[in-house]
Amino acid sequence: TMEKKLLSIGFVGLGRMGYHICHNLLHKYKPPSMYVYNRTFSKSSSFVDSQHQFLSQHPNTSLTAADQLSQLSQHCDVIFTCLTDIPASESVFLDPKSGLIPNSKPRQILIDLSTVTPDLSINCYNQSKDRNCLFLDSPISGGPEGAELATLSIMIGGDKEAVEETMPMFKVIGKNMYHAGGASAGTKMKLVNQYLTGIHTVAACEALNLAENLGLENTMVENMIKESYGYSKMFERTAKRVREKNFSGETGGPIMLIHKDFGILQDVVRKEDGRYPVYEETKKVLDESMKAEMGQ
């Protein structure tokens, strides 16, 4: 069988997740050309500088720090974005002057790894269709650790042909890829995941606090819960951080990010008829944490 042609890649957003994902795409997919763009240009240029040795060993791959989004629209087959907030995603994709969708080329594939609203994902998908390019909402789960180790879970919404064409790229940045359904299904799936992540984290903190107040020994509690029904991934992660007294948002997801996702969920939950009392209580705790300046 003929080997599939390697596609050129654009990458927007070299934050705590994006940096590692971009690195893995470069090193493991080895695109013929890659353009990186960041709001702060110095982040892009220092990323390019850090790849000097790799590039000298791989003469068939070129890497460019772009100072304009339009360079990516012009030169790349596939463009990934990994952005922290909704206004950033909105402007990167939809800005009439500089946006990726208004400037897209036919058959270009745009992949949003950010967590945004279902409405924004659908809007991007519809506008992409009008421009004859393809859009995938593909939020990721696994934190900076998962990004670095390429063990992310990726929830993808959009057309099957776009998913199939970019699967070789997804495979070098993640471990579990789910095509959740049509446009916005990836975003919706991610929000369900974040719903549980937030609730489980707050529950784990309360339970560890309770155990300590009851005079139980930390390590025993941690080991015991691991083998019991009360276990969750967020319990394991939270217990480890409490044990190591490591509360920095730098090494994991800071509270402000899950707080942002709970804000997105608020609109989604309100459109539903159901009652979500545990969500409401968790949101209060996250709101209080932000007020107490624990967001970072």
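Asp287 and Lys283 form a salt bridge in which the closest N and O atoms are 3.0 Å apart, a salt bridge being a side-chain nitrogen of Lys or Arg within 4 Å of a carboxyl oxygen of Asp or Glu. The model is predicted, with local features requiring pLDDT of at least 70 and side-chain atom pairs counted only at pLDDT 80 or more, while totals for chains, interfaces and linings use all residues. Residues are numbered from 1 along each chain as its sequence is written, and side-chain values use heavy atoms, with hydrogens and water left out.

Both Asp287 and Lys283 belong to helix H13 (residues 277-291), where they are four residues apart, about one turn of the helix. Helices (H or I, at least four residues) and strands (E, at least two) are DSSP runs, numbered from the N terminus. Asp287 is partly exposed at 23% relative accessible area, whereas Lys283 is buried at 9%; buried means under 20%, exposed over 50% and partly exposed in between (1.4 Å probe, protein chains only).

In total, the structure contains ten salt bridges. One of them pairs Asp77 with Lys5, with the closest N and O atoms 3.9 Å apart. Because Asp77 lies in the loop between helix H4 (69-75) and strand S4 (78-81) and Lys5 in the segment before strand S1 (9-12), this pair ties together parts that are 72 residues apart in sequence. Asp77 is partly exposed, at 27% relative accessibility, and Lys5 is exposed, at 62%. A further salt bridge joins the side chains of Asp159 and Lys129 (3.6 Å, N to O). Asp159 is in the loop between strand S8 (152-157) and helix H8 (160-173) and Lys129 in helix H6 (residues 118-130), so the pair ties together parts 30 residues apart in sequence.

Helix packing was also examined. Helices H10 (residues 218-226) and H11 (residues 233-244) pack at an angle of about 170°, their axes being 11 Å apart; axes are lines fitted to C-alpha atoms, for helices over the stretch in contact, and angles run from 0 to 180 degrees between N-to-C directions. H10 is therefore roughly antiparallel to H11 (angles under 35 degrees count as roughly parallel, over 145 as roughly antiparallel, 65 to 115 as roughly perpendicular and the rest as oblique). In this contact (heavy atoms within 4.5 Å), Val221, Glu222, Ile225 and Lys226 of H10 meet Phe235, Glu236, Ala239, Lys240 and Arg243 of H11.

The axes of helix H9 (residues 185-213) and helix H12 (residues 255-271) come within 10 Å and cross at roughly 120°, which means that H9 is oblique to H12.
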